[in-house]
Amino acid sequence: MRKVLTLALATLGVAAGVRGVEPRLWEDFERADFPPPGWHTEGKETAWTRGAGTNNHYARGNLVVERGTSWASLVTRNFALKTSGQITLRLHYIAGLQGDGEGKRTVTLRRGTNELWKTELTAPWSWTKLKVTLGPYRRGDNYNLEFKVTGAASTIATVWLYVDNLHVRECETAVEPTSLGRVKALYY
């Protein structure tokens, strides 16, 4: 009897864990289309292009600002949350500034155009990993990510943000204790 109960509980645990691992958004920029299907750019659109490294491709936001201010965004396709309402966001990035001005590089989780979470991306001249868990947010709503470079300069400045290996996954859904009690009661 204990073997049956253990098997039933293990099956519930695996099913609950698997439900939350389907990616809601995944992009490695290896396809030739840029921006990827369903994505778009805003602001100074020429700032975002597909970059090429020695072994891979990535999204490259290079914003050149001459005497004044400017910005450019790369916005992902919409994705819905189906289970837990919490997500894990992972990506690799390089961020920098050169010249006499100021610059910011940010990633924002949005519902439509409403900002729900935002962080500034700063890093040395090498690929850096960001991993963060966000939420809970409403299930069924459409969300997107905005990668934005902004700059201001009195003469000239270049602000850049390179992004690769973007993953958005819903967090694993926990099995409610009451459901375990119901399964246990079936076998006793």
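Start with Thr108: its bridge partner in β8 is Lys118. That bridge belongs to an antiparallel pairing of strand β7 (residues 102-111) with strand β8 (residues 114-120), which runs over 6 bridges. Strands count as paired here if DSSP finds at least two bridges between them. The hairpin has 2 residues between the strands, and Gly112 takes a positive phi near 70°.

A word on what you're looking at: this is a predicted model, where local features need pLDDT of at least 70, side-chain atom pairs count only at pLDDT 80 or more, and totals for chains, interfaces and linings use all residues. Residues are numbered from 1 along each chain as its sequence is written, and side-chain values use heavy atoms, with hydrogens and water left out.

Lys118 also turns up in a salt bridge with Glu115, with the closest N and O atoms 3.8 Å apart. A salt bridge means a side-chain nitrogen of Lys or Arg within 4 Å of a carboxyl oxygen of Asp or Glu. Glu115 is partly exposed, with a relative accessible area of 46%, and Lys118 is partly exposed too, at 45%. For the burial labels, buried is under 20% relative accessible area, exposed is over 50%, and partly exposed is in between (1.4 Å probe, protein chains only).

## The whole chain

Stepping back, the protein has 2 helices and 10 strands. Both kinds of element are DSSP runs numbered from the N terminus: helices are H or I with at least four residues, strands are E with at least two. From the N terminus on, the order is α-β-β-β-β-β-β-β-β-β-β-α.

Of the 188 residues, 39% count as buried. Among contacts with a separation of 6 or more, 80% come from residues 24 or more positions apart; a contact here is heavy atoms within 4.5 Å.

Back in strand β7, have a look at Arg105.

The Arg105 side chain does reach the backbone oxygen of Gly103, at 3.4 Å. Leaving aside residues up to four places away in sequence, the contacts of Arg105 include Ala95, Leu97, Glu120, Lys148, Val159 and Trp160.

Gly103 sits in strand β7 as well. With residues up to four places away again not counted, Gly103 touches Leu97, Glu120, Thr150, Gly151 and Val159. Gly103 and Ala157 are 54 residues apart in sequence, with their C-alpha atoms 8.2 Å apart in space.

## Glu170 and Arg24

Glu170 lies in strand β10 (residues 142-170), and at 3% relative accessibility it counts as buried. The Glu170 side chain makes a polar contact with the side chain of Arg24 at 2.6 Å. A polar contact is a pair of N or O atoms within 3.5 Å; within protein, one must be able to donate a hydrogen and the other to accept it, and residues adjacent in sequence count only if both atoms are side-chain atoms. The side chain of Glu170 also reaches the backbone nitrogen of Thr83, at 2.8 Å.

The side chains of Arg24 and Glu170 meet in a salt bridge too (2.6 Å, N to O). Arg24 lies in strand β1 (residues 23-27) and Glu170 in strand β10, so the pair ties together parts that are 146 residues apart in sequence. Both Arg24 and Glu170 are buried.

## Other salt bridges

The count comes to 6 salt bridges. One of them joins Arg138 to Asp141, where the closest N and O atoms are 2.7 Å apart. Salt bridges that share partners link Arg111, Arg138 and Asp141 into one network. At 52% relative accessibility, Arg138 counts as exposed.

## Aromatic pairs

There are 7 aromatic pairs in the structure. The rings of Tyr137 and Tyr143 have centres 5.9 Å apart and planes at 50°, so that pair is tilted. The rule is that rings of Phe, Tyr and Trp (its six-membered ring) pair if their centres lie within 6.5 Å; planes under 30 degrees apart count as stacked, over 60 as edge-to-face, and the rest as tilted.

Tyr137 and Tyr143 are both buried. Elsewhere, Phe29, Phe34 and Trp39 form one aromatic cluster.
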